[in-house]
Amino acid sequence: MATVDRREFLKSLGLVGAGTVLTSGDAEASATATADNLTWDKAPCRYCGTGCGVEVGVADGKVQAVRGDEKSPVNRGLLCVKGYHLPGMLYGTDRLLYPLKRKADGSGFERISWDEALDLVASKYQEALDEHGPEAVGIYGSGQWTVFDGYAALKWIKGGMRSNNIDPNARLCMASAVMGFVTQFQSDEPMGCYDDFEAGDDFILWGNNMAEMHPVLFSRMLEAKRQRPTVRIIDLAVRRTPTSEYADLYVEFKPGTDLALANGILHLLVKNNKVRRSFIEENVVFRRGIEDVETIGYGCFGDQSERYTFKDAAKESSFEEFAKFLEAYTPAKVSEITGVPESQIKALAEIYGDSGRGTVSLWCMGVNQHTRGTWMNNLLNNLHLVTGKISRPGANPFSLTGQPSACGTAREVGTLSNRLPADMVVMKEEHRAKTEKIWGLPEGTIPPKPGYHAVDMFRAFTRGDLKALWVQVTNPWVTMPNLQRFQRKPGDGRFLVVSDIYPTPTTDVADLILPSAAWVEREGVFGNTERRTQQWNKMVEPPGEAREDAWQIMEVAKRMGMGKLFPWPENDWHEAMYEEYRSFTVGVGKDVASYAQLKQVPGLRWPVVDGRETRYRYAAGEDPYVTKPSGVHFYKAKGYGEKAAVWLRPYHPPAEVPDDEYPLWLTTGRVLEHWHTGSMTRRVKQLHQAVPEAYVEINRADATKLGVQRGERVRVVSRRGSVELPVRIDDRGRPPQGMVFVPFFDENRLVNVLTLDALDNISKEPDYKKCAVRVERLEASP
Amino acid sequence: MSGRTLGILRLASIALAVFAATSQISCSDSTDTQESPQEFEVDGQTVVKASAEARAARRAFDGAPPVIPHTPQGSDCTRCHDHDGMEIPGMGFAPPLPHGQTAGMSEFANCRQCHVFRSTDEVFQDSEFVGLAQDFRQGDRHFDGAPPVMPHSAFMRENCQACHTGPSAREQIRCSHPERINCTQCHVEDTSDSTFVRPGT
């Protein structure tokens, strides 16, 4: 639904040139476009999971401008600096334009045709299948995959090749949030939505630098605070960030001790009788899992360092056992573990326990990238379940996502090694049967055993168990933890194909590079953090021979004799594919909006029933699946008698802690200006020039002790590797004594050679936030 | 967070900022194109290109937020870029904040969400991006002498004074009557290309 631009409109009325409406000679006199001869059309932003609506201005076949979409309920016309500079992301001079094959002597790449490239991929996958079986092939995708790309990949690998080796980089990002929601509500994704920013009273940020990572949502929260000065922002963090500057209360805890802090708050809520017993009796069951630290491990030591398959086992528990379990988490004990003063622990318990105020917990990578990230998600959801502050406007646990379609594609389409669309899993026979039926495949096609999760996938590829691997829309040779161990020299007998829009360290080690169409160079659908599905049209042609990722997959599938999986006409398949996917979601409480409706609106939040979206899941009067007149109904949790589960989860220490040899904590993350590995944002002049390289933030006291100055280059060393970085002191982020921070966007200074591949026991998500390092001076003291 | 605290604090911080900035002035001026003004015609009116070019040099395209043309002066931008703007001795005039009815507050409190500093002139890779050019057209007038309509959206530019009055107002768009503070009484936003049509006709 491209809006008719003004000039076209006037032309249609025969008014151009009449000089009565347009001022004479304006646009035509100018070689470049002005606002009025751009064609504007809607799209969601390409970057984070907020899903801001943008209007994209096109002239002469190029994107020349964007503006915030004032009609989008997400951002209401406001963007962040990355969003305002979206157009530049498409036009770096080193865009990948043609398929490139590694030369036989390994000395670089040569251009080949699409036919040759697609034949090569098909033959390599067929060879791996024939010789080693379905466990030897895999595809590693992304939370930036559109719904189309993810659905095509899922169908090809699970339905065509009968392998479950598909995982997205979202495994590195929000898998712990998925497992939190799944273990407690038996359905993924939050019950709340962005309306909570206007409805809530207290916003509690758990390890979440929203001012930089979700700036538009942060601004919505600041605006709510301006309009209602009683609104409070509480920043729980391991280091001061720009977010802390706006907080009413800053609570600093030692890395990994958030588990103890949350249990300490639960302890006080129970002890002071601030829990809502009637709500609990009606809506909550209690569960307890495996708690022995030796049995669980950390996924990176001993045998677990090659394959980590720990499985939790649930047993029934009770409120009484829950209360008894929490007795150990007294304020004194929790204060000792966390470093948080008792007064602050009590203040937090009072905030969560105040039944008169709406409480919203917000979290992202601090909680998810955690060796007990699922547990931490459980504890945050527990805080809301025991106080009944859930599925109500302004009172919800709300996990934020970092990628534009981590929810829409990875989580909803289910492009994970264990999942199928709309909350289904490969382990359940009826789920496989439903999928096979919709896909028109014989019963028993989909294997019941989950494939490799992301980190195990790269471990298997490095070992040689995985023979053919396709990487799309992501950059694992920058983002894998403990990156050293995944070093690759092509010619190792395995086949790596990488689809991307620019050269990256991942394309550098590929055997074949495929050029992809980006963002508005193709038609797409993303799903954002608040369950909002958003569609956009193709607005410009991709450069060179670049093609969309879903097309690449379907063409390979056809060459492997799997074309009947994609039975749609070559030039008109998007809506048909989407509607097939939608049939998985209808009637199960995950109903995404119809394609026809999505084309007309700036997105809708599922479940969408009779064309109407849902703000609050499980809430009477809001969610069409809830039939009771008031309160909540956790209708998806069939296994818990349609109640939510509160899990008893203890504190476990991190996998690696500082010692004499490596005395500092290292924590990693993003910066406002760059998105992920910077493959897009670094090609935008304004963003690169703002933050041109990675750096290490050091506390002033530590810097003084080390004798290092601001701007000086130092070597940061862990047990796994080292990297040289310039020092920043008292800059935008301020770590406490004993901690350093390094952002991960810079492919020239790879911080992941330092990080540890310790994994969450349930979600298998890596912990990028905690390992031990030392800082060495490069030059002798003056 | 407002920065509208004690005047003394404010003055002290400015003094410090200026002290810190004096060594950087030549650097920060480099983004302003200070060549001789080039005049050219748009809609039969003469436009001084240099001032518009200085504006464009800080933006990826017309409508993009400008990068910050000076070095960091402290964390609170609205101390200087308040509703009226401020002359900073040795640096120049800090233009007023164009956003919002109340300077320094509202949705625009987190300035660096959109405005970033420039810490290098290098690029990571060259770019072929060509942004939407600066729009030089003036607003339509009903007849000669009638108040022009706004030729741009007022969204995020609610404080008209920021660009149309005071020392930072470019000559071509400087308002002749800043004492009449209710701008939208006479100047309306051009929000639609449609014309009124009676239902059923």
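Predicted model: local features only at pLDDT ≥ 70, side-chain atom pairs only at ≥ 80, totals over all residues.

Visitor: How many residues of chain A are in contact with chain B?

Guide: Contact here means heavy atoms within 4.5 Å. On the chain B side, 45 residues take part, and on the chain A side the number is 56.

Visitor: What area is buried between chain B and chain A?

Guide: Buried area is the accessible area (1.4 Å probe) that two parts lose on being put together, summed over both. Carbon and sulfur atoms give 57% of it, and the total is about 4300 Å².

Visitor: How many salt bridges cross the interface of chain B and chain A?

Guide: The rule wants a side-chain nitrogen of Lys or Arg within 4 Å of a carboxyl oxygen of Asp or Glu. The structure holds 71 salt bridges over all chains. Across the interface of chain B and chain A, though, the count is zero.

Visitor: How far apart in sequence are the parts tied together by A:Arg220 and A:Glu198?

Guide: Their side chains meet in a salt bridge, N to O at 2.7 Å. A:Arg220 lies in helix α8 (residues 215-227) of chain A and A:Glu198 in helix α6 (residues 196-199) of chain A, so the parts they tie together are separated by 22 residues. For naming, helices (H or I, at least four residues) and strands (E, at least two) are DSSP runs, numbered from the N terminus. The answer is 22 residues.

Visitor: How are α4(A) and α23(A) oriented to each other?

Guide: Helix α4 (residues 147-160) of chain A packs on helix α23 (residues 574-585) of chain A at about 70°, with axes 10 Å apart. Axes are lines fitted to C-alpha atoms, for helices over the stretch in contact, and angles run from 0 to 180 degrees between N-to-C directions. Angles under 35 degrees count as roughly parallel, over 145 as roughly antiparallel, 65 to 115 as roughly perpendicular and the rest as oblique. So α4(A) and α23(A) are roughly perpendicular.

Visitor: Which residues of α23(A) does α4(A) meet?

Guide: From α4(A) come A:Val147, A:Phe148, A:Tyr151, A:Ala152 and A:Lys155. Their partners in α23(A) are A:His574, A:Met577, A:Tyr578, A:Glu580, A:Tyr581 and A:Phe584.

Visitor: Are α9(A) and α13(A) roughly parallel or antiparallel?

Guide: Helix α9 (residues 258-271) of chain A and α13(A) pack at about 165°, their axes 9 Å apart. So the pair is roughly antiparallel.

Visitor: And how does α13(A) sit against α14(A)?

Guide: Helix α13 (residues 331-338) of chain A and helix α14 (residues 342-353) of chain A have axes 9 Å apart and an angle of about 115°. That makes them roughly perpendicular.

Visitor: What is phi of A:Ser391?

Guide: Most residues other than glycine have a negative phi. A:Ser391 sits in the loop between α16 (373-387) and β14 (396-399) of chain A. Its phi is positive, near 55°.

Key: Residues numbered from 1 in each chain as written. Chains lettered and ligands numbered in written order. Heavy atoms only, no water.
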